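The following note sets out several points for a colleague who has the coordinates open.

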Amino acid sequence: MSTDVTAKTPAPAPPGKSGGAAGDGLLQLVLDGMRRNMRQYGMLIALGLIVALFAVWTDGDLLLPRNVSNLVLQNSYILILAMGMMLVIIAGHIDLSVGSLTAFIGSMAAVFMVKNDLPWPVAVILCLAVGAIAGAIQGFFIAYGGIPSFIVTLAGMLIWRGLTEIFLEGQTLGPFPEGLQKVANGFLPEVGPNTNYHNLTLLLGFAMIAFVVFQEFRDRRRQQEFHLDVPPLNLFLLKLVALGAAILTLTMLLASYKGAPIVLLILGVLLVGFGYVMRNAIIGRHIYAIGGNLPAAKLSGVKDKKVTFLIFVNMGMLAALAGLVFAARFNAASPKAGLNFELEAIAASFIGGASMSGGVGTVLGAIIGGLVLGVLNNGMNLVGIGTDWQQVIKGLVLLAAVGFDVWNKRKVGS
Amino acid sequence: MAGPVLEMRSIVKTFPGVKALSDVTLTVQQGEVHAICGENGAGKSTLMKVLSGVHPHGTYEGDILFEGEVCEFKDIRASEHRGIVIIHQELALSPFLSLAENIFLGNEHAKGGFIDWRETLRHGSELLRRVGLSDHPDTRVADIGVGKQQLVEIAKALSKKVKLLILDEPTAALNDEDSGKLLDLILELKKQGITSIIISHKLNEIRKVADSVTILRDGKTIETLDVKAPETTEDRIISGMVGRDLENRFPDRTPHEPEEGAHPALEIRNWTVHHPIDQQRKVVDDVSIEVRRGEIVGIAGLMGAGRTELAMSVFGRTYGRHAGGTVLKDGTEIRTKTVPEAVKHGIAYVTEDRKHYGLNLIDTVNRNISLSALGKVAKRGVVDEHEERQVAEGFRKSMNIKAPTVFEPVGKLSGGNQQKVVLSKWIFAGPDVLILDEPTRGIDVGAKYEIYTVIDQLAAQGKAVVFISSELPELLGMCDRIYTMAAGRLTGEFSRAEASQESLMRQMTKDKEVSR
């Protein structure tokens with residue numbers, strides 16, 4: 001289900017030609033649209049190639065329903081972090097503390113639930129609040145104190161890691177309540193008659209397709225209402241079919257195993273939510289504006305400090321969520337949890353199209369970048385490549401992705 | 001004069017999708033100052049990049065002959081080796097290195113890989129003297145003004161044994177005094193046998209220093225004129241650049257009749273601002289100005305007069321430390337402590353530096369236009385993209401913004417079109433008072449006229465316009481009233497009838513020495 005939304009955001013890229021689009025060939029239009037979002041389509045294609053490569057290499061094991069489920073669960077926390085990280089990087093900042101903060105929230109969760117037996121929903125809310133506060137503290141120093149985010153979050157990285165070890169006294173704490181484990185590891189409940197497929201997942205998938213089709217048509221009609229050029233009907237339909245096929249494939253894959261993991265739903269909601277906010281909400285625009293040109297944004301009346309502060313609060317909350325999912329998945333809070341997560345999330349963002357100087361990137365890109373890393377991890381595990389070589393290969397992929405971007409920009413002409 | 005030193009024959013340079021140069025021929029005589037002018041996008045900078053090897057041999061068609069030999073430069077070093085040095089519009093000095101270190105950067109006096117400081121200092125100070133600078137070679141570049149930095153660039157060129165010096169809009173960032181010095185230096189170098197090519201928008205400069213001028217338009221050479229010939233007038237050059245006879249450089253304007261009794265739209269009283277770092281220094285000193293609806297009021301002043309500082313400190317205190325004064329809108333005192341407050345009270349400030357303070361260059365036209373008034377195309381915090389696009393399309397047509405679509409990144413547009421985007425952005429915010437800071441800086445004649453027309457229309461719609469400019473002709477052509485500033489103080493106020501270049505300049509240079 002993540003591919004469905006995945007394909008959604010780049011697709012409505014508005015039509016290029018102002019005048020006579022009718023004369024151009026369909027292929028030309030498709031290529032035009034792709035060139036405009038070169039980075040994202042490039043990575044989407046790269047992701048497809050990587051999936052295909054490992055699917056062949058593992059004799060199809062990669063795409064077994066069970067493995068697809070696993071892939072989602074294994075990477076959920078990195079994907080959650082990557083979405084928040086993308087916002088931070090678009091705004092022109094960086095957050096090195098999220099790995100430590102993930103571990104810290106895990107330890108808080110253990111203190112709340114294992115040591116003090118709080119009901120898990122209460123503990124979850126408390127943990128998210130602690131994450132928000134941790135983010136707020138860092139955000140305060142960055143936005144209002146004017147200390148570079150690299151420094152503040154580098155300090156945070158040390159502080160949260162240290163506090164984790166203090167809270168856990170170097171021990172691993174567990175187990176967590178069953179309810180929480182189900183959220184992190186479980187699937188949607190089984191309902192209805194036996195169809196050999198997971199009914200609720202099927203239903204959800206079909207609903208999703210219907211929703212996407214409805215949205216696309218509504219969007220098209222709205223554009224026409226405003227007398228704006230719309231892409232030709234055949235291109236539009238082609239896009240709809242591609243979207244529908246992608247959703248359907250993933251739905252069938254998941255439905256033929258245990259159904260959609262609950263974490264996947266959380267991811268989907270976050271992706272759609274953040275994607276919408278970044279594209280359509282005023283605050284989203286303001287984030288791009290301060291990352292693209294801070295002085296100009298200030299002179300345009302953007303409340304840059306407040307926006308920066310909120311971005312870090314948000315990052316803190318997402319780190320808390322990732323910490324909860326991670327702790328619940330392994331059913332223990334460990335002082336070594338979340339090691340290098342910040343680097344994975346940052347790498348995912350840059351693979352997915354972020355720029356060091358800020359102002360560029362999409363939440364969807366972060367997900368694509370995260371999936372590239374995730375599929376690489378999973379695929380290499382399946383074919384038995386050791387973690388030593390895995391790191392080398394992931395490093396090369398990061399270098400290649402950003403290198404491609406730089407090369408492509410240079411070719412287009414600055 | 002011993003024949004041509006440089007000949008560029010039928011140069012064609014194509015970028016993906018754009019033919020930047022389509023048959024340019026340029027002949028520069030030995031020992032002359034040769035001006036190149038043309039509208040933005042005419043291909044001036046591209047031509048110089050071809051000449052200096054930024055675009056290496058093989059990426060363009062045509063021949064370059066320097067001192068009679070065919071040259072095939074593969075990079076800048078190759079052209080510099082032959083004595084062709086280009087000084088770009090944006091200065092390329094390292095701010096925290098000394099003058100001498102900058103002069104010899106990449107070309108150091110060294111023994112076995114270590115800097116020879118004695119020789120660096122000796123030669124450095126010699127070169128600095130040659131360009132008329134008395135600063136110590138150990139001074140940091142960051143500690144001298146832009147005008148002097150430009151001269152350091154020339155010293156750097158001299159260190160490379162320059163034969164052909166190319167200056168790309170060298171006076172764009174300089175005040176009149178520094179510009180004058182620079183132009184004198186170019187003439188001085190000419191006496192020493194150095195040939196110069198100067199790219200400039202400023203026709204009076206061309207008249208002052210150049211021997212001949214080549215006019216480019218749409219990537220083609222239009223003509224080469226002898227500047228000293230009597231028939232080469234400014235209007236003649238302008239008509240060559242724009243390809244039409246420019247009868248009037250300014251739109252016909254019915255002067256504003258101030259209505260009796262009504263309060264001014266904006267009134268600034270006794271405004272004083274201190275320098276943000278050196279807090280003893282008054283950058284704006286007890287300035288009071290007013291502007292009425294429908295009126296265009298100019299503020300003239302040399303660089304450092306405090307015009308921009310006045311405007312920015314009023315607009316959300318975005319410059320310096322406020323030390324007194326009030327702002328009144330329609331007779332009532334208002335707070336303009338933050339930008340959102342100023343915008344709420346209907347004030348807009350269009351910056352002089354559109355690239356750094358006006359636009360998000362990597363974002364699209366439509367998103368730049370809507371940024372300062374997103375609330376107008378949004379409901380409950382959610383932007384209606386279609387409405388936004390429609391608004392932007394409207395401005396694209398009405399302002400004649402030359403962009404293929406409103407989804408074009410602003411950074412890809414020419415300066416004039418970027419300026420139109422900044423103006424659109426603030427017109428869309430719907431202000432009552434517009435403060436325009438150098439709205440026509442660095443843009444070509446045709447686009448200037450379009451911008452003047454827009455300003456005129458804004459005033460006709462009843463907006464109050466404050467027009468800050470260094471170009472006196474445009475203030476005289478556009479304004480109903482003109483204030484002059486010098487060294488942070490208001491030094492004069494002229495009606496349209498009273499003002500002349502001479503009278504304004506006298507007030508603009510008043511007391512300058514005393515306050516320094």
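1. Helix packing in chain A. In this predicted model, helix α4 (residues 65-90) of chain A and helix α11 (residues 262-280) of chain A have axes that come within 10 Å and cross at roughly 25 degrees. Because angles under 35 degrees count as roughly parallel, α4(A) is roughly parallel to α11(A). The crossing in which α4(A) passes α11(A) is left-handed.

2. Residues at the helix contact. On the α4(A) side, Val72(A), Leu73(A), Ser76(A), Leu79(A), Ile80(A) and Met83(A) take part. Their counterparts in α11(A) are Val263(A), Leu264(A), Leu267(A), Leu270(A), Leu271(A) and Phe274(A). By class, the residues of this contact of α4(A) with α11(A) are 11 nonpolar, one polar and no charged.

3. The largest nonpolar core. This core holds 198 residues, and those touching the most other members are Leu81(A), Ala82(A), Met83(A), Ala109(A), Ile455(B), Val465(B) and Phe467(B). Helix α14 (residues 304-330) of chain A provides the largest share of the core, with 18 residues.

4. Surroundings of Ala109(A). Which residues does Ala109(A) contact, leaving aside its neighbours within four places in sequence? They are Ala123(A), Cys127(A), Gly323(A), Leu324(A), Ala327(A) and Ala333(A). The C-alpha atom of Ala109(A) is also separated by 8.5 Å from that of Leu126(A), the two residues being 17 residues apart along the chain. Leu126(A) belongs to helix α6 (residues 120-143) of chain A. Leu126(A) counts as partly exposed because 18 C-beta neighbours lie inside 10 Å, whereas a buried residue would need 20 or more.

5. The interface between the chains. Contacts link 26 residues of chain A with 32 residues of chain B. On the side of chain A that touches chain B, α9 (199-225), α12 (282-292) and α13 (294-299) of chain A each supply at least two residues. The largest share of that side, five residues, comes from α12(A). How many residues of the side of chain A that touches chain B are nonpolar, polar and charged? The division is 12 nonpolar, 10 polar and four charged.

6. A cis peptide bond in chain A. Most residues other than glycine have a negative phi, and most peptide bonds are trans. Gly174(A) and Pro175(A), however, are joined by a cis peptide bond, with omega about -10 degrees. Pro175(A) is located in the loop between α7 (149-168) and α8 (178-185) of chain A.

7. Positive phi at Asp286(B). Although Asp286(B) is not a glycine, its phi is positive, at about 55 degrees. Asp286(B) sits in strand β14 (residues 282-291) of chain B. Is Asp286(B) buried, exposed or partly exposed? Asp286(B) has 15 other C-beta atoms within 10 Å, so it is partly exposed.

8. Positive phi at Asp330(B). A positive phi, near 50 degrees, is also found at Asp330(B), a residue other than glycine. Asp330(B) lies in the loop between β17 (326-329) and β18 (332-334) of chain B. Because 17 C-beta neighbours fall inside 10 Å, Asp330(B) counts as partly exposed.

Technical notes: Residues numbered from 1 in each chain as written. Chains lettered and ligands numbered in written order. Predicted model: local features only at pLDDT ≥ 70, side-chain atom pairs only at ≥ 80, totals over all residues. Core = buried A, V, L, I, M, F, W, Y, C linked by C-beta atoms within 7 Å. Buried ≥ 20, exposed ≤ 12 C-beta atoms within 10 Å, placed from the backbone. Helix = DSSP H or I, 4+ residues; strand = E, 2+ residues; numbered from the N terminus. Contact = placed C-beta atoms within 7 Å. Axes fitted to C-alpha atoms, helices over the stretch in contact; angles between N-to-C directions. Parallel < 35°, antiparallel > 145°, perpendicular 65-115°, else oblique. Left-handed = near helix turned anticlockwise from the far one by under 90°. Nonpolar A, V, L, I, M, F, W, Y, C, P; charged D, E, K, R; others polar.
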